[in-house]
Amino acid sequence: MRHSAVVLFLLVVPLTVPARPLTSDAGAAPQEYHLRLYHTHTGERLDIVYRRGNDYIPKALAMLDYFLRDHRTGEVHHYDPRVFDILEQLTVAVGRPGTEIDIICGYRTPWSNQYLRAHTEGVAKNSLHMQAQAIDIRIPGVPTSRVRDIALSLHRGGVGYYPHSNFVHVDTGRVRQWCFECSVPQPAGD
Ligand SMILES: [Zn+2]
């Protein structure tokens, strides 16, 4: 009897642990998603919370759209906000949440894309930059090859690696990858 009583006691104890106070969940603020960006062509900086929980913040998205405007023509296009999630996840995954990201290129008008195609290589005719679904970036202090590897591991869309220009292209198109001017030939451009 004595032995049974001890066993019963051990079984009952976990059930008596008090539930967590209601305030720990009910009062918790939704997670905030934050980006710090530096645009290498305009010299502008943006430090912004663009999403709370599952809700994108319209005013923040509008500021991001303007920030990522075609720097040649000044035209603004509404961005696919999922590309911002990719950027935010990248900073977390490289172990530097909230670190500043260099923007090499955001939105491109068709004119601007054609201009680039005429003057440089590695630019696709139907680039997702023209749909405001693509951004070219680097993360200061993090090797571009590592940014590429982390971007690929997210499986969130296309990832292009431009080692000679030292940037990575990310987009919200289908999952695919390419490397521009790499030793192993691969399809070029977006
Ligand atoms: Zn690109």
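Asn 166 counts as partly exposed because it has 13 C-beta neighbours inside 10 Å; by this count, with C-beta atoms placed from the backbone, a residue is buried if 20 or more other C-beta atoms lie within 10 Å of its own, exposed if 12 or fewer, and partly exposed in between. This is a predicted model, in which local features need pLDDT of at least 70 and side-chain atom pairs count only at pLDDT 80 or more, while totals for chains, interfaces and linings use all residues. Residues are numbered from 1 along each chain as its sequence is written.

Asn 166 sits in the loop between strand 6 and strand 7, and its phi is positive, about 60°, although it is not a glycine. Most residues other than glycine have a negative phi. Ala 132 also has a positive phi, near 55°, and belongs to the loop between helix 5 (110-119) and strand 5. Ala 132 counts as buried, because 22 C-beta neighbours lie inside 10 Å.

The protein holds 6 helices and 8 strands, where helices (H or I, at least four residues) and strands (E, at least two) are DSSP runs numbered from the N terminus. Read from that end, the elements follow the order α-α-β-β-β-α-α-β-α-β-α-β-β-β. The 8 strands form an open sheet with mixed pairing, in the order 3-2-1-4-5-7-6-8; two strands pair if DSSP finds at least two bridges between them. Strand 3 (55-56) and strand 8 (176-179) are at the edges with a single partner strand each, so one side of each has no neighbour in the sheet. Strand 8 runs parallel to strand 6 (residues 158-162), and 4 bridges join the two. Tyr 161 has Cys 179, in strand 8, as its bridge partner.

Helix 6 (residues 144-154) packs on the sheet, touching strands 5, 6, 7 and 8, and its direction makes about 15° with that of strand 7. Helix 4 (residues 82-93) lies across several strands, including strand 1 (32-39), to which it runs at about 90°. Axes here are lines fitted to C-alpha atoms, for helices over the stretch in contact, with angles from 0 to 180 degrees between N-to-C directions.

What does the nonpolar core look like? Its largest example has 32 residues, of which Leu 87, Ile 135, Ile 137, Val 168 and Val 170 touch the most other members; such a core is a set of buried Ala, Val, Leu, Ile, Met, Phe, Trp, Tyr and Cys residues joined through C-beta atoms within 7 Å. Helix 4 gives the largest share of this core, 4 residues. Leaving out residues up to four places away in sequence, Ile 135 touches Leu 68, Val 83, Leu 87, Ile 103, Gly 106 and Val 170, a contact being two C-beta atoms, placed from the backbone, within 7 Å.

Arg 69, in the loop between helix 3 and helix 4, counts as buried because it has 21 C-beta neighbours inside 10 Å. Among its contacts beyond four places in sequence are Glu 75, Gly 106 and Tyr 107. Arg 69 and Arg 108 are 39 residues apart in sequence, with their C-alpha atoms 7.5 Å apart in space.

Over the protein, the mean pLDDT is 88, and 83% of residues reach 70 or more; pLDDT is the predictor's confidence in each residue, from 0 to 100. Over residues 4-23 pLDDT stays under 50, and the model has 0 contacts beyond four places in sequence for them.
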